[in-house]
Amino acid sequence: MVGGHASAHARTRLVAADGTRLAGSYLPGPASSPTAVLLLHGFAANRRKPAYARLADGLAREIPVLALDMRGHGRSGGTCTFGDHEVQDVAAGLAWLRALGHRHVVTVGLSMGGTSALHAASLGADTDAVVAISAPAWFREVPDTDALRRLHTVWHRPAARAGLRIALGIRLAGPSAWRSPPHPAEMVAQVSAPLLVIHGADDAYFPPSDADDLVAAAAGPATLWQEPAGFGHAEDGLSPEVIARLRHAVVSVAATGRFPPR
């Protein structure tokens with residue numbers, strides 16, 4: 001697999017409640033850290049993809065990190081359901097960190113990982129705060145961007161899903177596996193933990209208004225970082241400056257109970 005972590009790390013194996021085997025990397029960070037991070041990648045990525053590995057390495061300068069391969073991706077088993085069944089992956093990762101002794105854990109998810117984090121938190125997952133980067137507020141039955149239309153086409157065509165598996169190793173379940181969970185804007189209404197929403201002005205998948213809707217609907221304290229054009233979608237915007245700012249925000253929420261403004 002291309003990429004990997006530059007920081008010290010150990011490979012981990014977890015099992016979700018439905019028996020799906022999950023692969024992860026644990027970056028221990030400093031023992032004095034007040035918190036830990038569960039890091040969840042977006043669709044068609046994995047924990048070792050260079051951008052995500054750099055994010056984990058950057059956070060691990062001050063914070064222990066468990067980076068997971070979500071189901072259907074990387075070295076994990078199962079099939080991808082765009083944040084639906086992935087709630088079990090989130091729960092498994094949080095339980096693993098708690099068992100290791102971490103008393104405060106922040107879930108950081110990008111795109112599909114953000115949806116998964118919000119979904120799990122809305123169902124009572126054991127997380128102290130949530131960061132959702134480039135996550136949607138609404139599941140669109142009719143895609144309204146070119147990027148979503150292409151993804152929607154792949155999802156609905158068995159041959160295209162098979163091609164995705166052959167070409168990239170991504171195992172995508174078809175629409176029949178989708179259980180129609182609440183929209184993310186409805187999920188956050190059930191989340192009292194502090195929430196940080198980060199969204200790019202030029203996101204090709206979801207408009208900036210989705211970020212506004214997530215913050216407006218949140219039950220707990222919510223902070224919005226609207227990033228300028230050039231941020232793009234998910235890992236596209238993970239510059240060293242953004243990673244450093246996010247690292248500070250995670251440490252800050254552990255100390256104060258709120259995420260700082262941009």
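Select Leu39, Leu40, His41, Asn46, Arg47, Tyr52, Ala67 and Leu68 to display the lining of the largest cavity. A cavity is a set of points, on a 1 Å grid over the protein atoms alone, where a 1.4 Å probe fits but cannot get out, and lining residues have an atom within 4 Å of a point. The model is predicted: local features need pLDDT of at least 70, side-chain atom pairs count only at pLDDT 80 or more, and totals for chains, interfaces and linings use all residues. Residues are numbered from 1 along each chain as its sequence is written, and side-chain values use heavy atoms, with hydrogens and water left out.

The structure holds one cavity of 30 Å³ or more, and about 30 Å³ of space lies in the largest one. A volume here is the space filled by probe spheres set on the grid points, which are joined across faces, edges and corners. At least two lining residues come from each of strand E3 (36-40) and strand E4 (65-68). Strands (E, at least two residues) and helices (H or I, at least four) are DSSP runs, numbered from the N terminus. The lining comprises five nonpolar, two polar and one charged residues. In this classification Ala, Val, Leu, Ile, Met, Phe, Trp, Tyr, Cys and Pro are nonpolar, Asp, Glu, Lys and Arg are charged, and the others, Gly among them, are polar.

Next, select the loop between E3 and H1, where Ala44 is located. Ala44 is not a glycine, yet has a positive phi of about 65°. Its relative accessible area of 34% makes Ala44 partly exposed; buried means under 20%, exposed over 50%, and partly exposed in between, with a 1.4 Å probe and protein chains only. Then move to Phe82, in the loop between E4 and helix H2 (87-99). Phi of Phe82 is also positive, near 60°, and at 16% relative accessibility this residue counts as buried.

Now turn to the largest pocket, which has a volume of about 1100 Å³. Of its 42 lining residues, Phe43, Phe82, Met112, Leu148 and Leu151 are the closest to its centre. A pocket is an open set of points with protein on both sides within 12 Å along at least five of seven lines. Helix H1 (50-59), H3 and H4 each supply at least two lining residues, and H4 gives the most, with seven. By class, the lining has 24 nonpolar, twelve polar and six charged residues.

Select helix H4 (residues 146-156), in which Ala147, Leu148, Leu151 and Trp155 are buried. These four lie on the same side of H4 because they cover an arc of only 90° around the axis, taken from the directions from the helix axis to the C-beta atoms. Asp146 and Arg150, on the other side of H4, are exposed.

Finally, select strand E6 (residues 129-133), where five of five residues are buried. Ala129, Val131 and Ile133 are on one face, and Val130 and Ala132 on the other. In a regular strand the side chains alternate between the two faces of the sheet. E6 pairs with strand E5 (residues 105-110) in the parallel sense over five bridges; pairing requires at least two DSSP bridges between the strands. Val131 of E6 is the bridge partner of Val108. From E5 the chain passes through helix H3 (residues 112-122) to E6 in a right-handed β-α-β crossover: with the strands pointing away from the viewer, the path from the first strand over the helix to the second runs clockwise. In E7, Leu196 stands opposite Val131.
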